Amino acid sequence: MIHYSCIAARFQVNRSESPETLYTMTTQQHPPGAVIIDTRSSELEGFSEGDEDDMDEAMAVNSPEPPEPVEPDVTIRTEENIQLGTLHPEQDLPHIFKSIQSSLTGLTREELFKFKICFSQWETGITYQQVMDGDILDFVDRILEILGQDRSLIHTINTLESVNKKPVADELRNQCKRALVRFHLKQYLIRKHQVIREGVVRAGKQNLLEAVYVMPQISTCGYGGVDPSHEFRSRHLSPLQVPSADTFVDVNNLFRLKRDDGKPVRTVLTTGIPGIGMSVSVGKFSLDWAEMRKNKDLQFVIKLSFRALWLLRNKSCPPSQQMSIMDVIKYYYPECKDMKYLEEEDCKYLIIMDSFDCYQAPLDWENSPVINDNYTQAHLDTLIVNIIRGTVLRGAYIWILGRRAAVSQIPSQFIDVVTEIQGFSDQMKDDYLTRRFSNAELAANIVAHYKRLPTLSMLARQPFVCWMVATVFERCFHYQGYGVHPPRLTPFYVNILIVQTNRKLQFYCGKAENDLKWSSDEKRLLKNMGKMAFKMLERNTSVFSEEDVKEYNLKLTEVTVLSGLCTELPAAAPGGRRTFCFIHFTFQEFMAALYVFTMLRTESKNVLDSGLVHMPKIFKSKYQTKSAAGLVQCALVRTFSSLLGDYDMFLRFLCGLLSLDCHDNQLSGYLYPHNTPKVCGLGETKRLLEEMILTAPEDRLENLKECLREMTQEDE
C-alpha cells in the first residue's frame with residue numbers, strides 16, 4: 001500500500017511579454033506579482049482534503065506545459081491521507097490540461113475561432129465572453145476552472161468532432177483514455193445511485209441519496225447482526241452479542257483496514273441481516289467516489305453485481321458460451337473496452353460485487369480451473385471463483401456483499417476481512433427520520449410517535465424498518481386527529497412480511513413489479529416457516545438448524561436467504577452444524593402467531609388447544625375451541641403459565657392479526673384469497689380481553705391492554 005498526500009491542483013500563471021508562460025504549482029508560496037488561477041472544481045477535485053498544508057516550498061518550471069505532480073516528503077499519516085493506490089498521471093489535471101492545450105494548438109486561427117463559437121453554443125455552463133477572452137492557455141485554464149476536467153475534456157472532444165476535426169478529437173480521446181474511462185464509470189455510478197430507490201417509485205417522490213443517507217454502523221467483529229433486545233424477555237434464548245463501538249469502521253475506509261498479519265486487505269466481505277442497508281451503503285460508497293469526495297486515489301470503481309451476473313449467465317448468454325472477465329466488463333461498460341491497464345501493477349481499482357445471494361448457482365471452489373490472466377475465456381461460474389481467488393483482476397480490491405447464509409460458502413482463505421453492518425444507533429434513527437422531511441413539525445411528530453412502541457423502536461435499528469416508519473407515518477399524519485393513540489405494532493410486521501416476499505419474487509425469481517402475485521409456493525413457505533417458528537416457541541429456543549428446516553418440508557436456501565426473514569449465525573453449533581435464527585426474536589413470535597391464526601382461518605383448527613379440562617380460576621368460562629375467543633383464551637392460558645413472558649408478544653401479534661385491518665385489508669390477496677370469509681366473533685373476543693384486564697395480575701395488565709388495542713383500534 002502506498003501512503004502519500006497529493007498536491008493541490010493550483011496553477012499560478014506569471015505572464016511576461018514573451019509567449020512563454022511560467023507555471024508554478026504550489027500551495028503557499030508564489031513569485032511576486034503572479035496571477036493565481038485556481039483550476040480546481042468543487043465537484044471534481046481529485047485530491048485529499050488538507051493537502052494545501054503539505055507543501056513547504058514552491059516548484060517553478062520554465063515551460064509552456066504544466067509540470068508533472070511530485071510526491072512531497074510527508075511523514076505524518078492520518079485516516080484522510082492513507083491512500084489505497086496512486087492516481088495515474090493520465091487521470092490527473094496536468095495531463096488533461098496539456099492534452100487539451102496540445103489539441104487546440106494545431107488549429108488555425110479561423111478553426112480555433114469556429115471551435116470557440118461552437119463550444120460556447122453547446123455548453124451552457126460558460127459564457128461567450130469567457131470563451132473568447134485570451135489565448136489558448138487562458139481558454140484551457142478557464143474551462144477547467146469553471147467546468148472541471150471531465151466536463152471540459154468531453155465537451156472539447158465533442159466540439160472538435162462537430163467542427164470536422166475528428167482526427168484531432170480521436171487523438172485527444174486516445175491521449176486521455178484513462179480519464180474518459182473513469183468519467184464513464186463515474187457517470188454510471190451517479191446515474192445508478194444518486195437517487196435512492198425505496199419501495200414503489202412514485203413520480204415526484206424520489207429522494208437524493210446524499211440528502212437522506214445516514215451511515216449505519218459497520219463492525220469488523222461480526223456476531224450475526226441480530227439484536228438481542230426484547231420488550232418482555234428478561235433473558236435471551238441464544239447467546240447473541242453486539243459488537244463494541246471500537247470495532248466500527250466507516251464505509252469509505254473499508255480498504256484501509258489491515259489483515260491479521262498487518263498487510264493491506266485485498267478482499268473485504270460485508271454481510272448483515274436483510275434490510276440492514278447493504279445496498280444503500282454500496283450506493284453511498286460509489287457516489288462518494290464518483291463525485292470525488294472519498295477514495296479519490298482509486299483509479300476505477302467497477303460494479304459487477306451478482307444479480308446482473310446471474311442474469312447474464314442465464315438469459316443473455318447460451319450455456320455453452322464462455323467469456324473472459326474483460327468481455328464481461330465490456331458487456332456492461334461498452335465505453336470501457338480494451339482496458340489493458342487493469343493488468344498493470346500500479347493500477348489500483350475496486351470491483352464491487354454485491355448481492356451475492358442473487359447468484360444461485362453452486363460454485364466449485366476446489367475444482368474450478370485456475371485462470372491466470374484477464375483474457376482467458378471460461379464459464380462465468382469459473383470466472384467468479386477466480387476473481388475471488390485473486391488470480392483474475394489481480395490488482396483489484398474486491399468488495400463482496402451478501403446475506404450471511406449465502407456468503408458463508410466462500411472459503412475463508414479467500415477473504416481478508418469480514419465486516420458486518422449493524423444498523424442504526426438510537427441517534428441515527430432520529431437523524432434518518434429527521435433528514436427525510438423538510439417539514440420539521442412532521443419529522444418531530446414521527447420521531448416521537450414511533451418511540452411510543454418499544455418493540456418498533458428496537459426494530460427501527462434496521463434502516464429498512466426506519467424507511468417503513470417514515471413512509472407509513474408520513475401518510476397517516478395527513479389524516480386529521482391521527483397520533484392521539486400509539487400506533488399498532490402488528491401492521492408493521494405484516495407490511496415487512498409482504499415487502500420481503502415481494503422482494504423475493506422480484507429479485508430472486510425475476511418477476512416484474514406488476515406481476516408479484518403470490519403462488520401456492522409462497523403461501524406454503526410462509527405457513528411452514530410459521531409452523532417451525534411456533535414449534536421453536538414451544539421448545540423455548542430461537543435457534544434452528546438445517547435438520548429443523550427439513551423437518552418442516554422447507555428448503556434451506558429458501559428459508560435462510562430468499563425469505564428475508566432469517567439469517568445465519570456465525571458460530572457453528574457443537575459438531576460443526578450451521579445454525580440460523582429469525583432476524584429478530586419478535587419475527588419468530590410474529591410468524592408463530594401468523595401460523596396459529598392461519599390454521600384457524602383457513603382450516604378451522606385451533607393448534608393451541610391442548611385439551612385442557614381444568615381451566616385456571618382466572619377464566620370465568622371456557623369459550624368454543626374453534627372460535628376466535630377460544631383461540632385467544634388458549635393463548636392466554638399459555639401466556640399466564642409462562643413466568644418469563646415467553647408468549648406475551650405472541651399473544652399481542654395474535655390479537656393484532658384478528659383485526660380486520662390486518663387479516664382482511666392487508667393480507668387478503670396475498671396470503672389469503674379475497675373471498676376468504678372474515679373472522680367472526682371479535683366482539684366475544686373483545687369481552688374476554690376486557691374481563692381479563694379487570695382480573696389479571698398487575699404485571700400482565702399493560703400487555704393485555706396492548707392486545708386489546710391491537711385488535712380494536714381503527715387507524716386511518
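Two strands are taken to pair if DSSP finds at least two bridges between them. Helices (H or I, at least four residues) and strands (E, at least two) are DSSP runs, numbered from the N terminus. The structure is a predicted model, in which local features need pLDDT of at least 70, side-chain atom pairs count only at pLDDT 80 or more, and totals for chains, interfaces and linings use all residues. Residues are numbered from 1 along each chain as its sequence is written, and side-chain values use heavy atoms, with hydrogens and water left out.

View A. F544 stands opposite F580 in β15. Helix α19 (residues 520–538) packs on the sheet and touches β13, β14 and β15; contact means heavy atoms within 4.5 Å. The direction of α19 makes about 100° with that of β15, where axes are lines fitted to C-alpha atoms, for helices over the stretch in contact, and angles run from 0 to 180 degrees between N-to-C directions. The three strands form an open sheet in the order β13-β15-β14, with antiparallel pairing. β13 (544–545) and β14 (566–569) stand at the edges with a single partner strand each, so one side of each has no neighbour in the sheet.

**View B. Strand β12 and its partners.** Strand β12 (residues 417–423) is largely enclosed by the rest of the structure, because six of its seven residues are buried. Buried means under 20% relative accessible area, exposed over 50%, and partly exposed in between (1.4 Å probe, protein chains only). Strand β7 (residues 217–219) is joined to β12 by three bridges and runs antiparallel to it; the bridge partner of Q217 in β12 is G423. Strand β8 (residues 267–271) is joined to β12 by four bridges, and this pair runs parallel. Here T270 stands opposite T419 of β12.

**View C. The largest nonpolar core.** A nonpolar core is a set of buried Ala, Val, Leu, Ile, Met, Phe, Trp, Tyr and Cys residues joined through side-chain atoms within 4.5 Å. Of the 188 residues in the largest core, W399 and F650 touch the most other members. Helix α22 (residues 585–603) gives the most to this core, with 12 residues. Beyond its neighbours within four places in sequence, W399 has contacts that include V251, F255, V268, T270 and F285. A second, separate core of 26 residues includes L104, L107, F119 and L144.

View D. C476 is buried, at 5% relative accessible area, whereas C509 is partly exposed, at 41%. The whole structure contains zero disulfides, a disulfide being a pair of cysteine sulfur atoms within 2.5 Å.
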